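Okay, thanks for coming, everyone.

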Amino acid sequence: MELEDHNEETEDRAVEFLKPAKRERFIEIVVPMLTLMTIVNCVIILVLVMNIGRKVNGLEQQMIVLQSNAAINAARMSEAEDSDLSESSEPVDVADIDGNHVTDATEAADIVEAAALEDTHKWTDREDNSADIRRVYLTFDDGPSANTDRILDILNQYGVKATFFVVGKEGYTEQYRRIVEDGHTLAMHSYTHKYSEIYASLDAYKEDLTKLHNFLYELTGEDCNIVRFPGGSSNTISHVDMWELIDYLNRENIAYFDWNVSSGDAAGGGKSTAQIKKNVLDNIDQFNNAVVLFHDAAGKDSTVDALPAIIEEILESDNTVLLPITEDTVRVQHLHE
Ligand SMILES: [Zn+2]
């Protein structure tokens with residue numbers, strides 16, 4: 001028993017003796033390991049955090065790119081919608097012959113189409129250009145307007161006679177009469193000059209022209225028998241076959257005239273005085289009978305401004321005369337037999 005006790009005692013002592021040594025070893029080995037692991041962990045976590053940060057940054061940038069792409073697409077779509085709207089609604093800058101904004105989209109489209117054709121029509125018929133005398137006919141469509149008196153003054157100043165294809169307008173009695181009294185040809189164009197109305201049917205055209213004929217007869221005593229179709233006989237806007245209308249005019253002994261030289265003053269926006277002058281003077285030489293298209297409608301001021309120089313140059317040309325259109329004038333017609 002004593003020995004056992006001693007042994008136990010020895011063991012306890014040994015344990016007690018060993019314990020601090022173990023602790024020291026533990027501390028010596030484990031603590032640096034733990035510290036190292038902690039440092040390594042911290043480094044790993046730091047690297048991970050930096051990586052995540054980078055990824056988040058990348059994601060954010062991707063988000064920004066996506067958002068801006070979406071914004072650009074949305075803007076494009078709204079632009080497209082806007083342009084669709086402006087196409088389907090009435091054009092903003094189309095004016096009628098009085099210079100008033102046209103609210104009817106169909107009529108506005110017809111005006112733009114007809115004006116473009118009037119300005120760009122190319123005469124394709126062969127023309128004998130061998131005559132000794134060149135005849136030039138200045139013609140003015142869509143009046144009277146405030147510009148008509150200015151044009152009449154210029155024509156008087158040079159002693160030149162011209163042709164006026166007029167529309168029906170109240171308040172211009174003096175101008176209709178002055179055209180006749182000054183020796184010019186008073187010719188018919190259309191009473192309303194509304195394409196969608198006059199070219200709806202043969203009857204509609206007849207009614208419009210008869211109204212204009214009677215209106216002019218009452219004002220001036222002239223029995224007008226010369227006409228120009230609005231947009232010309234080659235227009236692409238009529239809902240009636242133009243030959244039906246031509247047959248009607250032939251039956252009524254009314255002569256229709258188109259043009260072979262365009263001053264280019266039909267379309268809205270206005271050509272410059274220099275351009276109008278060039279369009280006329282560069283092209284009349286091609287014809288023995290040059291019928292020149294101008295407009296004395298409201299707002300066509302550059303036409304008036306171009307006129308003196310045009311007349312002067314024609315008068316200075318050899319073997320050239322300026323005349324008003326009559327029944328005997330060589331028919332200049334886009335559509336003819
Ligand atoms: Zn016209």
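So, to start: what spacing do the donors of the zinc ion follow along the chain? The pattern is D-x46-H-x3-H. Before I go on, a quick word on what you're looking at: this is a predicted model, where local features need pLDDT of at least 70, side-chain atom pairs count only at pLDDT 80 or more, and totals for chains, interfaces and linings use all residues. Residues are numbered from 1 along each chain as its sequence is written, and side-chain values use heavy atoms, with hydrogens and water left out.

Back to the zinc ion. Its protein donors are Asp142 through OD, His189 through NE2 and His193 through NE2, lying 2.1 to 2.2 Å from it. By donors I mean N, O and S atoms within 2.8 Å of the metal (3.2 Å for Na, K and Ca), and since water is not among the atoms, sites may look incomplete. Asp142 sits in the loop between strand 1 (134-141) and helix 3 (146-158), while His189 is in strand 3 (residues 185-190), so that pair links distant parts of the chain, 47 residues apart. Helices (H or I, at least four residues) and strands (E, at least two) are DSSP runs, numbered from the N terminus.

Buried here means under 20% relative accessible area, exposed is over 50%, and partly exposed is in between, using a 1.4 Å probe and protein chains only.

Most residues other than glycine have a negative phi, and most peptide bonds are trans. His193, in the loop between strand 3 and helix 5 (195-198), has a positive phi of about 60 degrees although it is not a glycine. Asn253 also has a positive phi, near 55 degrees; look for Asn253 in the loop between helix 7 and strand 5 (255-256), where it counts as exposed at 63% relative accessibility. And the peptide bond from Gly143 to Pro144 is cis, with omega near 0 degrees. Pro144 is in the loop between strand 1 and helix 3.

On to charges. How many salt bridges does a search of the whole structure find? Eight, counting a side-chain nitrogen of Lys or Arg within 4 Å of a carboxyl oxygen of Asp or Glu. One of them joins Arg228 to Asp141, with the closest N and O atoms 2.7 Å apart. Arg228 lies in the loop between strand 4 (226-227) and helix 7 and Asp141 in strand 1, so this pair ties together parts that are 87 residues apart in sequence. Both Arg228 and Asp141 are buried.

Then there's a network of salt bridges linking Asp149, Asp153, Arg178 and Asp182. Within it, Asp149 and Arg178 have their closest N and O atoms 3.0 Å apart. Asp149 is in helix 3 and Arg178 in helix 4 (residues 173-181), so that pair ties together parts 29 residues apart in sequence. Asp149 is partly exposed at 27%, whereas Arg178 is buried at 18%. Arg178 also meets Asp182 in a salt bridge, 3.1 Å from N to O, and Asp182 is buried too.

That's the tour; happy to go back to any of it.
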